[in-house]
Amino acid sequence: MVHSGINVLFEGSNFARLMAGLWTSIWIAAISLIIGLAIGTIFGILRTLTNKIIRFVLRIYLEFFRIVPTIVLLYLVYYILPRTFHVNWPATWMAVLAFSLWVAAEFSDIVRGAIESVPKSQRESGLALGLSKIQLFRYVLLPQAVKLELPATINLATRVIKTTSLLLVISIMEVINVGQQIIEANNQQYPTGVFWVYGLIFILYFVLDYPLSAWAKKLTKESKYNKRCHYLPMHLDSRSGYR
């Protein structure tokens with residue numbers, strides 16, 4: 001029977017193995033995001049400074065990680081880095097390193113764009129109050145930039161989660177790799193098992209990414225609406241009650 005292929009999901013410990021593989025993908029993505037967002041915030045702030053050398057170096061850093069495919073980056077970190085610098089980390093932490101550097105590069109551009117999007121009047125008001133540059137960033141620019149960058153940050157998180165599917169190329173037992181092993185091991189008994197295994201993997205990724213994607217779209221719409229209402233004359237703002 002065609003539907004008998006679903007049994008492959010519950011044969012032995014197959015389902016538990018798939019969940020363990022999914023957890024591997026999740027924790028690698030989560031730690032990479034935490035590290036990458038922290039470093040990216042610093043780099044993003046530095047990219048708004050007037051120092052041309054710093055801005056040039058960080059721009060090259062960003063372009064490198066945008067140009068180099070993620071799969072190539074994983075190969076470089078997993079195979080080249082250990083041989084060159086004698087780094088003997090487990091494959092999972094090498095993956096965290098690669099993803100963290102990638103996230104830091106992407107998020108630095110998000111932070112830079114968000115900070116530069118803060119109205120110039122806000123900067124001028126802060127300086128007029130006698131705030132130093134550090135205080136200006138801390139109390140004026142960063143709090144407003146966080147709201148502006150949140151939708152793009154959530155979208156970056158969904159990209160990282162999806163890209164963990166490439167971890168199979170460096171032999172990490174994430175959900176795709178586990179699924180492929182289950183398919184190969186049960187191909188004779190369950191020839192249609194491939195549809196059920198990859199179908200379940202699709203559902204798992206959908207459950208992880210869709211809520212984040214929907215949240216990002218909602219925040220983007222709210223941000224556009226608030227911005228439009230903020231700049232509308234009072235007599236055009238439907239929320240003001242003024243006509």
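Contact here means heavy atoms within 4.5 Å. With that in hand, look at the fold. Contacts with a separation of 6 or more are the ones to count, and residues 24 or more positions apart account for 75% of them.

Some ground rules. This is a predicted model, in which local features need pLDDT of at least 70 and side-chain atom pairs count only at pLDDT 80 or more, while totals for chains, interfaces and linings use all residues. Residues are numbered from 1 along each chain as its sequence is written, and side-chain values use heavy atoms, with hydrogens and water left out.

Now the overall picture. The protein has 8 helices and 0 strands. Helices (H or I, at least four residues) and strands (E, at least two) are DSSP runs, numbered from the N terminus. The order is α-α-α-α-α-α-α-α. Of the 243 residues, 38% are buried. Buried means under 20% relative accessible area, exposed means over 50%, and partly exposed lies in between (1.4 Å probe, protein chains only). The accessible surface comes to about 14500 Å², and carbon and sulfur atoms hold 66% of that. Those areas come from the Shrake-Rupley method with a 1.4 Å probe; for residues, only the protein chains shown count as cover.

Next, the core. A nonpolar core is a set of buried Ala, Val, Leu, Ile, Met, Phe, Trp, Tyr and Cys residues joined through side-chain atoms within 4.5 Å. The largest one has 55 residues, and Phe99, Val160, Leu167 and Val175 have the most contacts inside it. Which elements give two or more residues to this core? They are helix H1 (14-46), helix H2 (52-67), helix H3 (70-85), H4, helix H6 (133-163), helix H7 (175-185) and H8. H4 gives the largest share, 15 residues. In general, nonpolar side chains in soluble globular proteins tend to be buried together.

Take Leu167 from that list. Beyond four places in sequence, Leu167 touches Ile28, Leu74, Ala95, Phe99, Ile172 and Glu174.

Stay with H4. Helix H4 covers residues 91-117, and 27 residues at 1.5 Å each should span 39 Å; the end C-alpha atoms are 39 Å apart, so the two agree. The expected span is 1.5 Å times one less than the number of residues. Is H4 largely enclosed or largely open? H4 is largely enclosed by the rest of the structure, because 20 of its 27 residues are buried.

On to charges. The structure holds 7 salt bridges. A salt bridge is a side-chain nitrogen of Lys or Arg within 4 Å of a carboxyl oxygen of Asp or Glu.

Start with Asp109 and Arg47. Their side chains meet in a salt bridge at 2.8 Å, N to O. The pair links distant parts of the chain: Asp109 is in helix H4, Arg47 is in the loop between H1 and H2, and they are 62 residues apart. Both are buried.

Then Arg66 and Glu106, which meet at 3.8 Å, N to O. Arg66 sits in helix H2 and Glu106 in helix H4, 40 residues apart. Arg66 is partly exposed at 39% relative accessible area. Glu106 counts as buried, at 10%.

Salt bridges link Arg47, Arg66, Glu106, Asp109, Arg112, Glu116 and Arg159. Arg159 is in helix H6 and is partly exposed at 36%.

A local pair, for contrast. Glu63 bridges to Arg59, with the closest N and O atoms 2.8 Å apart. Both lie in helix H2, 4 residues apart, about one turn. An α-helix has 3.6 residues a turn, so residues three or four places apart point the same way. Glu63 is partly exposed at 24%, and Arg59 is partly exposed at 35%.

First, Asp209, in helix H8 (residues 193-231). Beyond four places in sequence, Asp209 touches Thr158, Ile161 and Lys162. Arg159 and Asp209 are 50 residues apart in sequence, and 8.6 Å apart C-alpha to C-alpha.

Second, Ser171, in the loop between H6 and H7. Ser171 is not a glycine, yet has a positive phi of about 65°. Most residues other than glycine have a negative phi. Ser171 is exposed, at 53% relative accessible area.
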